[in-house]
Amino acid sequence: MPLPLSTERLILRAPEPGDLGFFVDLFADPEAVRYIADGGTWSAERIRGQQEKKINCLAERGFTLYTVVRAADGQVVGDCGLAPWEDGIEIGWRFARPYWGQGLGKEAARAVFAHARQELGLTELWCLVNERNTASWRIAEGLGFQMDRTEIWHGDRTVRIYRWNAGGERPDAAG
Ligand SMILES: CC(C)(COP(=O)(O)OP(=O)(O)OC[C@H]1O[C@@H](n2cnc3c(N)ncnc32)[C@H](O)[C@@H]1OP(=O)(O)O)[C@@H](O)C(=O)NCCC(=O)NCCS
């Protein structure tokens with residue numbers, strides 16, 4: 001298992017039960033969850049279930065949404081990684097608000113994307129982004145994902161379904 005993944009400022013490691021408090025706080029922040037699923041905050045119980053799923057996914061599938069830690073001081077800042085999706089495997093990222101706008105999302109996403117291709121040998125990935133979530137779709141497009149279609153979810157939320165596949169990769173895609 002090639003974990004943890006390291007970048008200039010970040011360490012991406014396996015999720016642990018001890019991360020629970022951080023993600024309970026993140027998903028209780030209305031701004032942070034605004035573009036996730038139906039946009040509502042999540043209960044601590046739901047986060048506990050999600051954390052267990054992340055841990056089990058790593059054991060069963062060999063990938064998950066990794067916990068992202070700031071290398072300088074060990075502060076957990078979010079998660080970024082891979083998750084099963086109905087049509088395949090999804091790449092995703094969720095950071096707490098104090099850590100936005102510093103290029104950390106892009107930095108973590110690049111590391112996961114390289115890991116998915118080079119270590120896991122994946123040849124197709126999906127990325128599902130609310131069309132209003134500009135920072136998120138800029139990360140996806142920066143990695144070389146291309147919009148496959150849009151869908152309306154949860155009544156009125158337009159979601160961009162991005163896809164990347166190895167055959168269609170742009171020569172200049174991030175790596
Ligand atoms: C989406 C998220 C991960 C972005 O992380 P971040 O570290 O703030 O983003 P970065 O600083 O790496 O910036 C990524 C890109 O978005 C742009 N960007 C950053 N903040 C932005 C904002 N508020 N508005 C528009 N663009 C923005 C950056 O300029 C950069 O684009 P570029 O590479 O074309 O220059 C972060 O905002 C987050 O965790 N949000 C809450 C959870 C969420 O919505 N997750 C995604 C679900 S699909």
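Predicted model: local features only at pLDDT ≥ 70, side-chain atom pairs only at ≥ 80, totals over all residues.
Trp93 takes part through its backbone, where a polar atom is 2.8 Å from a nitrogen atom of the ligand. The backbone of Gln102 also contributes, with an N or O atom 3.5 Å from a ligand oxygen. On its own the ligand has 940 Å² of accessible area, and the protein covers 72% of this.

To set these residues in the context of the chain, the UniProt record, an unreviewed entry, places the feature "domain: N-acetyltransferase" at residues 10-166.

The cysteines come next. How many disulfides does a search of the whole structure find? The search returns zero. For Cys57, the reason is distance: the closest cysteine sulfur, in Cys80, is 14 Å away, which is too far for a bond. A disulfide would need the two sulfur atoms to be within 2.5 Å. Cys80 is likewise in no disulfide, and the nearest cysteine sulfur to its own, that of Cys127, is 9.5 Å away. Are Cys57 and Cys80 buried or exposed? Cys57 counts as buried because its relative accessibility is 9%, and Cys80 counts as buried because its value is 0%. The cut-off behind both assignments is a relative accessible area under 20%.

A last stop is Ala37, which is found in the loop between helix 2 (30-33) and helix 3 (44-61). With a relative accessible area of 35%, Ala37 is partly exposed, since that class takes in values between the 20% limit for buried and the 50% limit for exposed. Which residues does Ala37 contact, leaving aside its neighbours within four places in sequence? They are His154 and Arg157. Ala37 can also be placed relative to Asn130: the two are 93 residues apart along the chain, while their C-alpha atoms are separated by 8.6 Å.

Notes:
Residues numbered from 1 in each chain as written. Heavy atoms only, no water. UniProt positions renumbered as here; feature names shortened; annotations may be inferred. Buried < 20%, exposed > 50% of the residue type's maximum accessible area, 1.4 Å probe, protein only. Polar contact = N/O pair within 3.5 Å; in protein donor to acceptor, adjacent residues only side chain to side chain. Areas by Shrake-Rupley, 256 points an atom, 1.4 Å probe, with all protein chains shown as cover. Helix = DSSP H or I, 4+ residues; strand = E, 2+ residues; numbered from the N terminus. Contact = heavy atoms within 4.5 Å.
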